[in-house]
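Let's take a walk through this protein model, starting with its pockets and ending with its sheet. Keep the structure open while you read.

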Amino acid sequence: MSRLDSFIRRLEAQRSCLALAVERSRDVPGVVLELGLGNGRTFDHLREICAGGPCPREIYVFDRQVAAHPDCIPAADRLFLGDFTATLPKARARLGDGSAAFIHVDLGSGDEAASRALAASLSPDIARLMRPGAVLVSDQPMADASLHPLDLPPGVKPGRYFMAEKR
């Protein structure tokens, strides 16, 4: 498979998982957290399907630095800048444990071992931010006893994305 086809499949999988997560978390009160702003495409999509859609929510974004398209940069009061290991505890202090209804995590760096290690180190803080019934969509597996795997949407290859629910 060409790299272009792989990229397209990844984005289609991401969009399907995000749509399912929004639907599953529709009745769960709380905010949306986006870990990994990148160029802002996913944040922009979340604004459309969450903030301005059928389940309006505040969206808070995390990244090391802003490198997004100017139209896809969140307001300063909704942006946590810096290393995730430092900003997630700040978010817990500011927003409170159990504040998130839906979290999207996109932290893959191309180095699979490093990405998985980072995900493992962040999993406890991510799980603490989620309220019961909250949904997690991640490009990396997240390991926490309170997170229970969810089936992926039809057509999404296992291992391409991961979904879980906080119980």
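## The largest pocket

Look at what lines the largest pocket: eight charged residues, seven polar ones and three nonpolar ones. Keep in mind that this is a predicted model. The space in this pocket comes to about 590 Å³. It has 18 lining residues, and those closest to the centre are Arg10, Gly110, Asp139, Gln140 and Arg160.

Where do these residues come from? H1 has the largest share, with four residues.

## The second largest pocket

Next up is a pocket with about 330 Å³ of space. Of its 14 lining residues, Leu11, Gln14, Asn39, Arg41 and Thr42 sit closest to the centre. H1 and helix H2 (41-51) are the elements that supply two or more residues here, and H1 again has the largest share, this time five. By class, you'll find six polar, five charged and three nonpolar residues in this lining.

## The sheet

Now find the strands. Seven of them make an open, mixed sheet, in the order S3-S2-S1-S4-S5-S7-S6. Strands S3 (79-81) and S6 (147-149) are at the edges with a single partner each, so one side of each has no neighbour in the sheet. On average, neighbouring strands are turned by 20° against each other, ignoring direction.

Leu35, for instance, has Phe62 in S2 as its bridge partner.

## A helix across the sheet

Finally, H4 (residues 112-129) lies across S1, S4, S5, S6 and S7, at about 155° to S5.

Notes
Residues are numbered from 1 along each chain as its sequence is written. This is a predicted model: local features need pLDDT of at least 70, side-chain atom pairs count only at pLDDT 80 or more; totals for chains, interfaces and linings use all residues. Side-chain values use heavy atoms; hydrogens and water are left out. Two strands pair if DSSP finds at least two bridges between them. Axes are lines fitted to C-alpha atoms, for helices over the stretch in contact, and angles run from 0 to 180 degrees between N-to-C directions. Contact means heavy atoms within 4.5 Å. On a 1 Å grid over the protein atoms alone, a cavity is a set of points where a 1.4 Å probe fits but cannot get out, and a pocket is an open set with protein on both sides within 12 Å along at least five of seven lines; lining residues have an atom within 4 Å of a point. Grid points are joined across faces, edges and corners, and a volume is the space filled by probe spheres set on the points. Ala, Val, Leu, Ile, Met, Phe, Trp, Tyr, Cys and Pro count as nonpolar, Asp, Glu, Lys and Arg as charged, and the others, Gly among them, as polar.
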